[in-house]
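Colleague: I'd like to learn how to read a fold summary and its backbone details. Could you walk me through an example?

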Amino acid sequence: MSENIICLCKGISEEAIVKAIKEGATSIEAVKEKTEATTGPCKGSRCISKIEELIEKHK
Ligand code: FES
C-alpha cells in the first residue's frame, strides 16, 4: 500500500493523521500532540496547511 506522507520532516502518513482526527484531534495542536506532526525542523511550514485540509475533511 502506498502511503501519502503529510508531514515530511517526521514521516507521518495521511493515514496516521486521519486516525488522530477521528480519535478527536480536530485542531492543529491536538494533531501535533497525538502524532508529532509539525514538530520537525520546518516547524510545520510544509505540513500545517495539509493537516488543516484533512481536519476539515475528516472531523
Ligand atoms: S513537514 Fe511537518 S514539520 Fe516539517
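Colleague: Thanks! Where does Lys 43 lie?

Modeller: Lys 43 sits in the loop between H2 and H3. Keep in mind that this is a predicted model. Although Lys 43 is not a glycine, its phi is positive, at about 55°.

Colleague: Is Lys 43 buried or exposed?

Modeller: A residue counts as exposed when its relative accessible area is over 50%. Lys 43 has 67% relative accessibility, so it counts as exposed.

Colleague: Which loop holds Glu 36?

Modeller: Glu 36 belongs to the loop between helix H2 (28-35) and helix H3 (48-58). Its phi is also positive, about 75°, and Glu 36 is not a glycine either. With a relative accessibility of 47%, Glu 36 counts as partly exposed.

Colleague: What pattern does the protein follow along the sequence?

Modeller: Reading along the sequence gives β-β-α-α-α. The radius of gyration is 10 Å, close to the 10 Å from the globule rule for 59 residues, so the protein is as compact as a globular protein of that length. The C-alpha trace spans about 30 × 25 × 15 Å along its principal axes.

Colleague: How much of the protein is made up of buried residues?

Modeller: Buried residues make up 36% of the 59. As for the surface, the protein exposes about 3,800 Å², with carbon and sulfur atoms supplying 48% of that area.

Colleague: And how many positive and negative side chains are there?

Modeller: There are 10 positive and 10 negative side chains, and the centres of the two sets are 3 Å apart.

Notes
Residues are numbered from 1 along each chain as its sequence is written. This is a predicted model: local features need pLDDT of at least 70, side-chain atom pairs count only at pLDDT 80 or more; totals for chains, interfaces and linings use all residues. Side-chain values use heavy atoms; hydrogens and water are left out. Helices (H or I, at least four residues) and strands (E, at least two) are DSSP runs, numbered from the N terminus. The radius of gyration is taken over C-alpha atoms; the globule rule is 2.2 Å times the number of residues to the power 0.38. Buried means under 20% relative accessible area, exposed over 50%, partly exposed in between (1.4 Å probe, protein chains only). Accessible areas come from the Shrake-Rupley method with a 1.4 Å probe; for residues, only the protein chains shown count as cover. Lys and Arg count as positive and Asp and Glu as negative; His and the chain ends are not counted. The place of a charge is taken as NZ of Lys, CZ of Arg, CG of Asp or CD of Glu.
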